[in-house]
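I opened this entry to keep a record of what I looked up in one structure.

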Amino acid sequence: MNERDSRLLAAYEALLEAFGPQGWWPGDGPFEVMVGAVLTQNTSWRNVEHAIGRIRAAGAMDPASMAEMTLGGLEELARPSGSFRRKARTLSLLSKAALSARGGLPGLLSRPQDELRRDLLAIPGIGPETADSIVVYAAGLPVFVVDAYARRFVERHGIASPLDRYEEVQAAFEGALGSDADKLGECHALLVELGKRHCGPSPCCGDCPLRYDLPTS
DNA sequence: GCCCAGGTGGGTA
DNA sequence: TACCCACATGGG
């Protein structure tokens, strides 16, 4: 275990101690987790909940029902989450992929990790972050989700250097935390919570659980 | 009224 | 490769 791994692991443990388990992903079953992952793109969770509620109420929160919906109908349900035309198209494609997979949705989610990730990325509107969110929170496979908060975190703690690319930041966390889906998922959730409380655009405040006495440049 | 939110994809240099 | 911008709603 090198210096970087030690610091990442220590940060994870400090955050878990400070905030407690986050219980992510919020969602009723794997399909709803997948839907939420798409809807939350560049969108606050409050708006996502609104859209999820509409999809549930319309009886469309399963692959078969969603795949049957017209694009226009799905757009109306997704509207509160913003970028609704794009997201409706992605959700439609995603539901059809789940429906047509061998073994349906459970079959899709039990595929080998790299194949699942690749197939998700092939769907327009699903990028690395959304794909990885589905891999870890819906399929329960060990991958770390790199988002704006995680990037900000590694930069603030001087772990950044040339750790710019998505896969490099991801490998850093996975190397430090190991191949434990629960742990990797929990770590991402904790970083989001940290970011919401302490790591906004302005410098961190004094009561940060991580004690920002590290170089912040 | 302005900025941001648990990004992605297309375009341009 | 590296930026820039549209997407679009709702909350602070």
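The notes below go through the domains and then each DNA strand.

Entry 1, domains. I am working from a predicted model, and I began with chain A, which is divided into domain 1 (3-23 + 144-197) and domain 2 (30-137). I looked up the separation of the two and found that their C-alpha centres lie 25 Å apart. For the contact between them I noted seven residues from domain 1 and six residues from domain 2. On the side of domain 1 that touches domain 2, H12 gives the most, with three residues, and the residues of that side divide into five nonpolar, one polar and one charged.

I listed 24 residues around DNA strand B, of which Gln41, Asn42, Gly127, Glu129 and Thr130 come nearest. Two elements give two or more residues to this surface, namely helix H9 (128-137) and helix H12 (181-197), and H9 gives the most, with four residues. By residue class, I recorded 10 nonpolar, 11 polar and three charged for the surface near DNA strand B.

Which residues surround DNA strand C? I wrote down Asn42, Thr43, Ser44, Arg46, Asn47, Arg79, Pro80, Gly82, Ser83, Phe84, Arg85 and Arg86. Helix H3 (45-57) and helix H6 (84-100) each supply at least two residues of this surface, and the largest share, three residues, comes from H6. The residues near DNA strand C divide into two nonpolar, six polar and four charged.

Technical notes: Residues numbered from 1 in each chain as written. Chains lettered and ligands numbered in written order. Predicted model: local features only at pLDDT ≥ 70, side-chain atom pairs only at ≥ 80, totals over all residues. Near = placed C-beta within 6 Å. Nonpolar A, V, L, I, M, F, W, Y, C, P; charged D, E, K, R; others polar. Domains from an automatic or database assignment. Contact = placed C-beta atoms within 7 Å.
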